[in-house]
There are 2 protein chains.
Amino acid sequence: VVCRGLYRALCIREKNMQQSLQRFPKTPSQYLRAIEGEPWKPSDAGPVFTPPVKDGQDPLDSGNLPEDLGYHVQMKDGIVYVYADKAAAERNEPKDLPYPSLENFIDDMNFLLVLIAQGPVKTYAHRRLKFLSSKFQVHEMLNEMEEMKELKNNPHRDFYNCRKVDTHIHAAACMNQKHLLRFIKKSYRVDADRVVYNAKGKQLTLKQLFQQLKLHPYDLTVDSLDVHAGRQTFQRFDKFNDKYNPVGASELRDLYLKTENAIHGEYFATIIKEVGSDLEDAKYQHTEPRLSIYGRSPEEWARLASWFNTHRVYSPNMKWMIQVPRIYDVFRSKNFLPHFGKMLECIFVPVFEATVNPQAHKELSVFLRHITGFDSVDDESKHSGHMFSTKSPKPEEWTSQKNPSYTYYIYYMYANILVLNNLRRQRGMNTFLFRPHCGEAGALTHLLAAFMTADNISHGLNLKKSPVLQYLYFLARIPIAMSPLSNNSLFLEYAKNPLLDFHQKGLMVSLSTDDPMQFHYTKEPLMEEYAIAAQVFKLSTCDMCEIARNSVLQCGLSHEEKVKFLGEKYQEDGPDGNDIRKTNVAQIRVAYRYETWCYELNLIAEGLKNE
Amino acid sequence: VVCRGLYRALCIREKNMQQSLQRFPKTPSQYLRAIEGEPWKPSDAGPVFTPPVKDGQDPLDSGNLPEDLGYHVQMKDGIVYVYADKAAAERNEPKDLPYPSLENFIDDMNFLLVLIAQGPVKTYAHRRLKFLSSKFQVHEMLNEMEEMKELKNNPHRDFYNCRKVDTHIHAAACMNQKHLLRFIKKSYRVDADRVVYNAKGKQLTLKQLFQQLKLHPYDLTVDSLDVHAGRQTFQRFDKFNDKYNPVGASELRDLYLKTENAIHGEYFATIIKEVGSDLEDAKYQHTEPRLSIYGRSPEEWARLASWFNTHRVYSPNMKWMIQVPRIYDVFRSKNFLPHFGKMLECIFVPVFEATVNPQAHKELSVFLRHITGFDSVDDESKHSGHMFSTKSPKPEEWTSQKNPSYTYYIYYMYANILVLNNLRRQRGMNTFLFRPHCGEAGALTHLLAAFMTADNISHGLNLKKSPVLQYLYFLARIPIAMSPLSNNSLFLEYAKNPLLDFHQKGLMVSLSTDDPMQFHYTKEPLMEEYAIAAQVFKLSTCDMCEIARNSVLQCGLSHEEKVKFLGEKYQEDGPDGNDIRKTNVAQIRVAYRYETWCYELNLIAEGLKNE
């Protein structure tokens, strides 16, 4: 029964990933087919990434955009449908694309909800996980020196020059506090008399703005800037959010950390480009900053794309993501939105329209080429109370001031990304990964929803609390971008962080900074994150390089870049896929991981054979 | 009885510090005099530092050296005596300088040995320390926000631009592993055909040397360099010492990390100067690297001074120290030395001679101007078995192959520094602080010996194990340079480090790196050390700035520099001595520390009043 349950859980994820053109690894697929007695065929479903910019090519070139398909897009029950034209919409005859089925999703979800609570399944998963821990410790004792020997004999590659990606970082906090401070001071030296702020119709120069705040930039320090998380923010996400306001002044946040303001986000763009150029200098570090789309107005996309293109916020070491804060309740209470469906419309319809008719949305189309995924963000510890089911109000009917539940948000984002990705692939355009924040706090259902819908997640701390989900994340090798320094300031003390435990068991973890502005002290936040983990958890070089390799596998870098950074066969599971000359991960380690994984998958297959 | 004991202990330290021209704070002196019913007079005994180099002045200028005094120096019973001339030496009529008395020292030591083992004293100290802990926690709860407010209102000063000194670092490991690697590769690109090595009379070019080692620098990585401490070094100081050999090859250590080799230590000097120039760029960081004098031959000093002067290894952000490894047993077993007295002679006589006749030892005299102290180093966990007493063999009689005990070493170093300092002060020359490694491991007697002799110490971990010593270090405010990252690799897991506990109780701790080459990952090792402590121990900005201020107070920077970095009155105890504009330490904090200190000192005074 246990194996049947785990089998079906993996099938659910496989199906959902393939439908939405996200990733599901080959090895468990092969086991699933073997269980079914079916031959395994390589799937052609999978994400499409924008290839890297070629020499001499303009990354923001808007020539050669595909032509207008003339399609009509329209939201129905919270999901964008594509029609040949308006008439087809009226006849309710959408184009032939995969559309998600809410009933199936709810069925699958209810099945999984039961599964993770079943006693025998919990016992089984708990025992397997315990075994995985012990097995790794034995592996380490026996092979640590051998792994190190392999690395020592690996010429010209060490932890410093293997690629690592900051898989979870917010653009508005991607610089460290000192960098922001320096930038503010510099802007004042250069721009004191420039009009930079619009206060209720009154135009203010930078000088006047600071006078109004009773501040002089020369006196400003990281203390008075007060953007760093301290002891006060522990378990207080609300206080933490206020830290985005330098000197507690939302005016400065608007001026320096926003894309929309009186100077069209010029300062914000400049800071980000400085971060990018530091990364280019450091060469081996990449980052995936998230920019916000709030879903308050359909113009947001065009404005964000215009900011991106105008200021040419491009760096070869950055891949962009869109984060959607789950703050419908805030907008609804201020009457900015009539219902939740409108929010989804603002988020997705503009992207569909740019996909259908790129030439009419040039800037947005170019911007979307550089977007690799969607994130869903907010304080998970806020409880919503709503239980997602087939009886839940449809998004258009969700007019209440209450916020929908995490699962409700996640489903509708996933559903729209599914349709969007299939449309974009038809057009030869890049697709998007769904990579929500998940399991930082709150209910276990969050991790369940992400298991069903997300290519990979950020945080995942709460996997500690559910052996079944943890085991499923292991079996499906779902990447988890962990940020122990962020957790240390907000939710969990460093020494209690499950990063080491997950890593030892073989979950696919990477390290990320989340918010360097709030959490980090040095000029190289990602290195700080690795260094502290290495010191506190006593990670070996092999551990660190494995985590770095995971980060490249998890991220939205293009196929070509992954080949360059990880080796030709990076998509293969197991030692075949590891090129030690590029990754500096010992083959012994990769072989151990692969054998261990196959062993666990095989247990399920064997369990079902006896049925 | 308890108070009587603590009182006498403090008197012992006060006397020893004053005799040797080291530091003893004013406040406990005042309490001691009050107990005695004596008026307190400011002491004129104290260290003399070389003033900073003035603009346009050459830091290595050897003009204007004082004239020859014509004195004769000669070692007797392990201590260098100064005579008017050789005849006076034969008549045993030394010049009028303070000389230490072995009998008094042993008496004092025996008294303290009994004191730290006495039940009532242990209980008293334990209770007071517990009280200090709780008191700080209450202080924090009540005043944390107030402290922060003070800092926020303090213009233009934050943790980044307040001065911090790396109070404990070894020159041979002062660069990080990546820096060393880059330097090796660069040297090969430039110098491949240069003769750099002398192997048993055969001269080798850099190319030939690497061929002999079957290495190509291009392939070299931090893994193959293998200088970083890993899990293998925990509790294994022996393995750790081997990490000083890049690629495990002592040839590379000789070439890159030594002052004496076929290229006269040029590479080593260049690396150190690069570290220095990075510090000058960072501006707010200083460092106190230690160079070795082994005491194997009297020529060592001249050669080291020549290296220093030839390569002009000077940086305004560096203050130099001399470390003496406690490896008499190694030299004796190879018959390099006839007895321990010879080792002391090699260490001290050249310095005395240069002090008496600087013009005959120009390079050494210039070098000594930049030396601020002596360190005693080696694995403290090695047990010697010898019990220091008046019956111990004199150094000249110590011909056995066994190593003298830690205390024996410490006493004879202290005794010679005492005489030397008094002679140098007479001549208007700078004096030296004694700052041994102490309490990293091994017996409690180490910490006792340092309490009697050392201006300040490095490590101090074992203060955990003796409440009486810990309380005495608190009362006398003996600075402790702690290196939790080093401890984490060698002796004690990070989370168990007593740094936070000591800091809360009010012991005077600073942060230092020990060996960036072996322990650190980033380009800014001292910042890494602070960042990790801040994250793991959740230090506030005020905590960090207090620790940074402690580091400046502890170090060997000159009076003028301390005035510049800490404020005019930095020598005052309590809030008067704190200039928040320079230190960024809240006055509330300094006032709390001062009141708490006075309260504890007063308890002793009160206890004795009732006698």
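Leu420(B) counts as buried, at 0% relative accessibility. This value, like those that follow, comes from a predicted model. The residue Leu420(B) sits in helix 16 of chain B, which spans residues 406–426. Beyond its neighbours within four places in sequence, Leu420(B) is in contact with Val351(B), Phe352(B), Thr355(B) and Phe432(B). Lys382(B) is 38 residues from Leu420(B) along the chain, and their C-alpha atoms are separated by 30 Å.

Helix 17 of chain B covers residues 445–453. Eight of its nine residues are buried, so helix 17 of chain B is largely enclosed by the rest of the structure. The buried residues are His446(B), Leu447(B), Leu448(B), Ala449(B), Ala450(B), Phe451(B), Met452(B) and Thr453(B).

A buried position also occurs in a loop of chain A. Thr259(A) lies between helix 10 (250–257) and helix 11 (266–282) of chain A. Its relative accessible area is 17%, so Thr259(A) falls under the 20% limit for buried residues. Not counting residues up to four places away in sequence, Thr259(A) touches His264(A), Gly265(A), Phe268(A), Leu304(A) and Trp307(A).

The relation between the two chains was examined next. Chain A is superposed on chain B by a rotation of 180°, with 0.0 Å of shift along the axis and an RMSD of 0.0 Å. This is the relation of a two-fold axis. Within chain A, the C-alpha nearest the axis belongs to Ile532(A), at 3.1 Å from it. Both copies use the same surface: 100% of the contact residues of chain A recur in chain B.

At the interface, 49 residues of chain A are in contact with 49 residues of chain B. The two chains bury about 4300 Å² between them. Of this area, 52% is on carbon and sulfur atoms. Polar contact across the interface of chain A and chain B involves 28 residue pairs, both residues at pLDDT 80 or more. Six helices of chain A each supply at least two residues of the side that touches chain B: helix 5 (119–152), helix 6 (177–191), helix 8 (222–225), helix 19 (484–490), helix 22 (525–537) and helix 23 (541–554). Helix 22 of chain A gives the most, with seven residues. By class, the residues on the side of chain A that touches chain B divide into 19 nonpolar, 13 polar and 17 charged.

Gln535(A) is found in helix 22 of chain A. Gln535(A) is buried, with a relative accessible area of 5%. Its side chain reaches the backbone oxygen of Phe519(B) at 2.6 Å. Leaving aside neighbours within four places in sequence, the contacts of Gln535(A) are Leu485(B), Asn488(B), Phe519(B), His520(B), Tyr521(B), Glu528(B) and Ile532(B).

Salt bridges were then considered. Side chains of opposite charge can pair when their charged atoms come close. Over all chains the count comes to 64 salt bridges. Between chain A and chain B the count is ten. Among these, Arg231(B) pairs with Glu140(A), with the closest N and O atoms 2.6 Å apart.

Within chain A, Asp108(A) forms a salt bridge with Lys15(A), the closest N and O atoms being 2.9 Å apart. Asp108(A) lies in helix 4 (residues 102–115) of chain A and Lys15(A) in helix 1 (residues 2–19) of chain A, so the pair ties together parts that are 93 residues apart in sequence. Asp108(A) is buried, at 7% relative accessible area, whereas Lys15(A) is partly exposed, at 35%.

Other pairs lie within a single helix. Arg33(A) and Glu36(A) meet in a salt bridge at 2.7 Å, N to O. Both lie in helix 2 (residues 26–36) of chain A, three residues apart, about one turn of the helix. Arg33(A) is buried, with a relative accessible area of 16%. Glu36(A) counts as partly exposed, at 31%. In chain B, the side chains of Glu345(B) and Lys342(B) meet in a salt bridge at 3.6 Å, N to O. These residues share helix 14 (residues 340–356) of chain B and are three residues apart, about one turn of the helix. Glu345(B) is partly exposed, with a relative accessible area of 28%. Lys342(B) is also partly exposed, at 31%.

Technical notes: Residues numbered from 1 in each chain as written. Chains lettered and ligands numbered in written order. Predicted model: local features only at pLDDT ≥ 70, side-chain atom pairs only at ≥ 80, totals over all residues. Heavy atoms only, no water. Least-squares fit on C-alpha atoms with pLDDT ≥ 70 in both. Contact = heavy atoms within 4.5 Å. Helix = DSSP H or I, 4+ residues; strand = E, 2+ residues; numbered from the N terminus. Buried < 20%, exposed > 50% of the residue type's maximum accessible area, 1.4 Å probe, protein only. Buried area = accessible area lost by both parts, 1.4 Å probe. Salt bridge = Lys/Arg side-chain N within 4 Å of Asp/Glu carboxyl O. Polar contact = N/O pair within 3.5 Å; in protein donor to acceptor, adjacent residues only side chain to side chain. Nonpolar A, V, L, I, M, F, W, Y, C, P; charged D, E, K, R; others polar.
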